[in-house]
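Colleague: Please take me through this model one feature at a time, giving me the general idea before the particular case.

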Amino acid sequence: PEFITVGELANRMAERVGDVIKAMMKMGVMATQNQTIDADTAELVIEEFGHRINRVSEADVEDGISGAEDKAEDLKSRAPVVTIMGHVDHGKTSLLDALRQTDVAGGEAGGITQHIGAYQVKLEGGDQITFLDTPGHAAFTEMRMRGANVTDIVVLVVAADDGIQPQTKEAIAHSKAAEVPIIVAINKCDKPEADPGRIRNQLLEHELVPEELGGDIMCLEVSAKAKLNLDKLEEAILLQAEMLELSANPNRRAEGAIVEAKLEKGRGSVATVLVQRGTVRVGDVFVAGAESGRVRALLNDKGRNIEEAGPSVPVEVLGLQGTPQAGDDFVVVRDDTQAREIAEYRQRKAKEATQAIAGRGTLEQMFSQI
Ligand code: GTP
Ligand code: MG
């Protein structure tokens with residue numbers, strides 16, 4: 001749509017409509033407030049008023065959302081972010097529950113994970129691990145496609161009585177594509193028919209060579225039900241994390257990824273954000289994908305209000321203007337104006353992409369910043 005109404009043009013220039021109509025009459029163009037004019041005419045009018053045409057570009061958006069790179073001395077070690085993956089019913093949620101010493105699965109409708117949960121587990125020694133429980137691999141793939149590589153380590157759950165199944169293979173493929181190290185949790189080892197040796201051999205077929213067979217894949221025999229070897233699994237995660245030397249600068253404007261977002265009755269749009277660097281605080285202004293907002297409240301994974309959240313901390317954010325998508329970025333910006341500019345730019349771009357408008361920038365784009 002290479003057209004804009006006279007009224008809208010006046011509005012964007014912050015000039016009176018009457019003045020714009022008069023100026024156009026002098027130029028020999030007769031148009032009323034609600035009539036549309038084309039890009040060339042609009043450009044002439046803008047120049048007549050001495051305004052500059054300022055196209056919002058991807059570069060401006062990038063400037064707004066990405067601060068300077070962090071200096072090595074500002075980096076502090078951070079908790080590993082672990083995604084639990086595996087075939088249906090192999091015990092992903094049960095394992096996570098056991099690790100959290102809480103019971104989420106019990107409250108789930110039909111025992112199937114309904115959403116992506118993000119939880120922090122604090123271990124006895126003080127070490128922390130952030131867990132993501134995915135409802136399926138679609139979410140993981142989608143997030144990865146959207147550029148959100150949030151996971152440091154994948155824990156692949158394989159039921160000892162069932163072995164490698166289609167979704168196990170999928171999980172292996174996704175992890176490899178994302179170049180994320182895998183730790184295998186052979187679950188349900190409390191069952192009499194459990195055969196962990198068979199699972200190890202199956203893993204070989206997928207080029208995952210367990211340490212016991214001379215490779216570098218850590219394999220733990222666990223039981224979520226009998227709470228068997230959970231400490232060993234946690235140790236393995238921390239060991240793997242140590243090798244990855246995970247770090248982030250907590251002292252900067254926060255950046256992260258949307259793990260989940262939904263519209264909730266009485267609460268508005270709510271997003272689970274995984275902070276990846278910096279620290280988010282109540283009152284911060286942010287962009288989340290094509291949405292913007294101001295942090296009204298932050299809640300931790302136990303549902304408690306907190307004032308701030310640093311790297312690797314999953315946090316529920318209230319105060320969104322709209323509902324972003326899983327995998328969108330979450331970036332704290334300078335102020336409301338910048339947040340709105342970036343969100344509007346992205347909304348326009350998304351709209352254009354769906355309308356498949358070819359060629360150079362549209363009028364909307366050109367005049368958004370007069
Ligand atoms: P989805 O989210 O639906 O993909 O399933 P999930 O992988 O999260 O599995 P979930 O934790 O819901 O467990 C599936 C079933 O296996 C439940 O009936 C659990 O009680 C059972 N289960 C999980 N872990 C164990 C275990 O270590 N031993 C035994 N015996 N049963 C287990
Ligand atoms: Mg589950």
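Colleague: With which side chain does the side chain of arginine 252 make a polar contact?

Modeller: A polar contact is a pair of N or O atoms within 3.5 Å, where within protein one atom must be able to donate a hydrogen and the other to accept it, and residues adjacent in sequence count only if both atoms are side-chain atoms. Here the partner of arginine 252 is the side chain of glutamate 255, at 3.3 Å. Bear in mind that this is a predicted model, in which local features need pLDDT of at least 70 and side-chain atom pairs count only at pLDDT 80 or more, while totals for chains, interfaces and linings use all residues. Side-chain values use heavy atoms, with hydrogens and water left out, residues are numbered from 1 along each chain as its sequence is written, and chains are lettered from A and ligands numbered from 1 in the order in which they are written.

Colleague: Is arginine 252 buried or exposed?

Modeller: Buried means under 20% relative accessible area, exposed over 50%, and partly exposed in between, with a 1.4 Å probe and protein chains only. Arginine 252 has a relative accessible area of 17%, so it is buried. It is found in the loop between β10 (247-248) and β11 (255-264), where helices (DSSP H or I, at least four residues) and strands (E, at least two) are numbered from the N terminus. Asparagine 251 is found in that loop between β10 and β11 as well, but asparagine 251 is exposed, with a relative accessible area of 61%. Asparagine 251 also lies 9.6 Å from lysine 76, C-alpha to C-alpha, although 175 residues separate them in sequence.

Colleague: Which residues are the closest to ligand 1?

Modeller: A residue is near a molecule if one of its heavy atoms lies within 4 Å of it. Ligand 1 is surrounded by 18 residues, the closest being Lys92, Thr93, Ser94, Asp190 and Ala224. Counting Ala, Val, Leu, Ile, Met, Phe, Trp, Tyr, Cys and Pro as nonpolar, Asp, Glu, Lys and Arg as charged, and the others, Gly among them, as polar, the shell divides into 3 nonpolar, 9 polar and 6 charged residues. As for individual atoms, a polar backbone atom of glycine 91 is 3.0 Å from an oxygen atom of ligand 1, a polar side-chain atom of serine 223 lies 3.2 Å from an oxygen atom of the ligand, and a backbone N or O atom of histidine 90 is 3.4 Å from one. Taken alone, ligand 1 exposes 650 Å², of which the protein buries 79%, by the Shrake-Rupley method with a 1.4 Å probe.

Colleague: Which helix gives the largest share of the shell around ligand 1?

Modeller: That is helix α5 (residues 92-100), with 3 residues. Of the 9 residues of α5, 8 are buried, including Lys92, Thr93, Leu95 and Leu96. Taking contact as heavy atoms within 4.5 Å, the cover over the buried residues of α5 includes β4 (81-86), β5 (117-122), β6 (128-133), β7 (153-159), β8 (182-187) and α9 (230-244).

Colleague: How many disulfides does the structure hold?

Modeller: A disulfide is a pair of cysteine sulfur atoms within 2.5 Å, and the structure holds 0 of them. The sulfur of cysteine 189 has its closest cysteine sulfur in cysteine 219, 10 Å away, which is too far for a bond. Cysteine 189 is buried at 18% relative accessible area, and cysteine 219 counts as buried at 7%.

Colleague: Which residues other than glycine have a positive phi?

Modeller: Most residues other than glycine have a negative phi. Among the exceptions here, alanine 14 has a phi of about 60°, and glutamate 245 has one near 45°. Alanine 14 lies in the loop between α1 (6-13) and α2 (17-26) and is exposed, at 67% relative accessible area. Glutamate 245 lies in the loop between α9 and β10 and counts as exposed, at 65%.

Colleague: With which residues is valine 315 in contact, leaving aside its neighbours within four places in sequence?

Modeller: Its contacts are Ala271, Thr272, Val273, Val275, Val280, Leu298, Leu299, Ile306 and Ala309. Valine 315 lies in strand β18 (residues 314-320) and counts as buried, at 1% relative accessibility.
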